[in-house]
Amino acid sequence: MRRRVAVALATMMSALVCVLGLGAGVAHAEGESIFGFLRNAKGGDLVPVEGAKITVKGPGVNETATTDDTGRWTVEVGKPGTYTVTIDQKSLPKGVTLRNPDADSLKVPVVESQDKPVLFALGKSTRVIQSKWAQAAQLSAEGLRFGLIIALAAVGLSLIFGTTGLTNFSHGELVTLGAIIAWWVSTGNLPLSLPGYGGVNFLVAAAITLAIMGLIGWANDARLWGPLRRRGTGLIAAMIVSIGLSLLLRYLLLYLFSGSSRAYPAYRGQKGVDIGPITLSPADYISMAIAIVVLMAVAYALLRTRLGKATRAVSDNPALASASGIDVDGVIRTVWIAGSMLAGLAGILLGIAQGINFQIGFQILLLMFAAVTLGGLGTAFGALVGSIVVGMFVTVSTLVIPAELKNVGALGILIIILLVRPQGILGRAERVG
Amino acid sequence: MTTQQGSDDRPRTDSGTEAGADSGTDRGVHERAAGNALLRADEVIAGYVPGVNILNGCDFYVDDGELVGIIGPNGAGKSTLLKAIFGLIKVSSGTITLRGEDITGQKANQLVTKGVGFVPQTNNVFPSLTIEENLQMGVFQAPKKFKQSFEFVTGLFPALGDRRAQRAGSLSGGERQMVAMGRALMMEPSVLLLDEPSAGLSPALQDEVFVRTRQINRAGVSVIMVEQNARRCLQICDRGYVLDQGRNAYTASGKDLSNDPKVIELYLGTLAKA
């Protein structure tokens, strides 16, 4: 069993590397430039500074730009390299000074096709420096929110893996579909024209989305995975199919939704509500409450209901479940429908928290896998605990490590925990004999 | 075309005068004896992969209340026969009937409701479920039966009732076997199929399994058991089958089979003579 898990994990990781490789390289070829906005902090407002002179020196470039009435300046440098950007302090209007008069010159690396922003801080700082503890509290709250959202998606992934053995790489796209369908339905900007439809209230749209997600889950099993299973398709082959499906859906969504990032109009720019040192929008608090209630309901269903117990039985031993009189295909169908709806809900909540784009789900796929593996493959409660750990770690670790490395940290902890507990946090070592 | 049972190339006994082992090799005898059978299989041909048959025209029957043992060398098709009866593998030819109803090719979960119970040889419990939940899965299709059946099963295996909240994955092999038998008994089957219930157990535990099996049978459940431990199996059986190359080579009472010189030589080993 442990060996099977290790093999599954290894294949999963290597396949993931392939997918990541395929997903990368969407660069656009434009010239390189350095730009910035010069704004003076004055009484809590930022006032654009016009007429200031900024010089950019570097390989083959010695150019001076002047800020316009919005404070913007741009220098086209034409090729990658390291450039020195200097602000002429004498050109600043009266009463405007650099926050740090010594830092009037910066060395800036520019990579291919990059429009590099460079900022000079003017005036007195408006930022209230938070204590480390306050920051940690804030990040923990955000981490919990993120972890709960991952948990919603990961529980479905784990149940599908448990009952069918499928490592479903297209689970991320189920998350994306949830987010995007909710945006389509709520704003009325459908990819197909539906005359007279102008969108609906967001909560109604969310309910419609979940119904559609249930249908998508049903179709997944009825039209694709069920037939593959009956034909005895191997698990590795099925995993490759799921990678293909993932790519297909992702780029179909790119075509239909476009590559830009959007937000649900109902939740754009909500004002934060303070609870102690934590500031989150009302939508965030409600999202967390919804996630907790739904996850508790799932846990109750798994532990106490007849269908939930049957689901665990099928995860343990499908052949024996069938021999006990359990309709295994029916259980798997239910798991697909419920798993897709949970993923869709995760997508909607993630869309509220950080905006919607065509690979919002793919971006958390790796974290879902990490959560599922961390908690113990195939155990739904493991997925829940693993998700919270991953979500918290990814977010809180930005206190000490650069934000760009946060996902790396989560995978690092995955490796360390699996070295100590190969069966995962909640996975149980089985007695043999 | 009829199968040529008892043809010259297969082992025969010399004690043909008595109603002994030899009588079972005749299809006519099977036809007559199986007339009122609870469960019977006729000329069953089945296998795991197309073109490779494990069962080659196997005849079999069990009467109400009977305890029937199936023995035979490795690869004879003992377990395959149970799986074919229980709808776990495809039967390509022949029929299986339960109380006169043709059940050939029906799925396992349908057979459970018709009163057939099956205990696989390995992986026969749900390890992450508790003992009680394992037994609940046994009556998945008839949850109302749980209370009554639970009392019956825990009466038979008191240890299961005392440790109902323990996870089955933490049990020993013998304890798991009890959970597995208990689960199969929950639907109050009229016939129970046991696939090598004593495999991998210590001699003491093996003995317990045989005693329990006899107990279950006495409670009114017909039992078909496949066993490697042929001698012990034949001791408790009402009737036994010796399977060879996917056909029943002999059938006779357990006692007759254990004393049959040919069976001893071929399947029981010389030690049994002593």
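Modeller: Two strands pair if DSSP finds at least two bridges between them, and the strands themselves are DSSP runs (E, at least two residues; helices are H or I, at least four), numbered from the N terminus. This is a predicted model, in which local features need pLDDT of at least 70 and side-chain atom pairs count only at pLDDT 80 or more, while totals for chains, interfaces and linings use all residues. Residues are numbered from 1 along each chain as written, chains are lettered from A and ligands numbered from 1 in the order written, and side-chain values use heavy atoms, leaving out hydrogens and water.

Biologist: What makes β3 and β10 of chain A the edges of their sheet?

Modeller: The open sheet has 3 strands in the order β3-β2-β10, with mixed pairing. Both β3 (45-48) and β10 (122-123) have a single partner strand, so one side of each lacks a neighbour in the sheet. Chain A as a whole has 12 helices and 12 strands.

Biologist: How many residues of chain B and of chain A take part in the contact?

Modeller: With contact meaning heavy atoms within 4.5 Å, chain B contributes 28 residues and chain A 20. The two chains bury about 2,200 Å² between them, 52% of it on carbon and sulfur atoms, where buried area is the accessible area (1.4 Å probe) lost by the two parts on being put together, summed over both. On the chain B side, B:Phe126, B:Phe140 and B:Arg167 lose the most area to chain A, together 28% of what that side buries.

Biologist: Why is the meeting of A:Arg312 and B:Glu133 called a salt bridge?

Modeller: The term asks for a side-chain nitrogen of Lys or Arg within 4 Å of a carboxyl oxygen of Asp or Glu, and these side chains meet at 2.8 Å, N to O, so the pair qualifies. The count between the two chains is 1 salt bridge.

Biologist: Which helices of chain B each supply at least two residues of the side that touches chain A?

Modeller: They are α3 (108-113), α4 (131-138) and α7 (173-185); the largest share, 4 residues, comes from α4(B).
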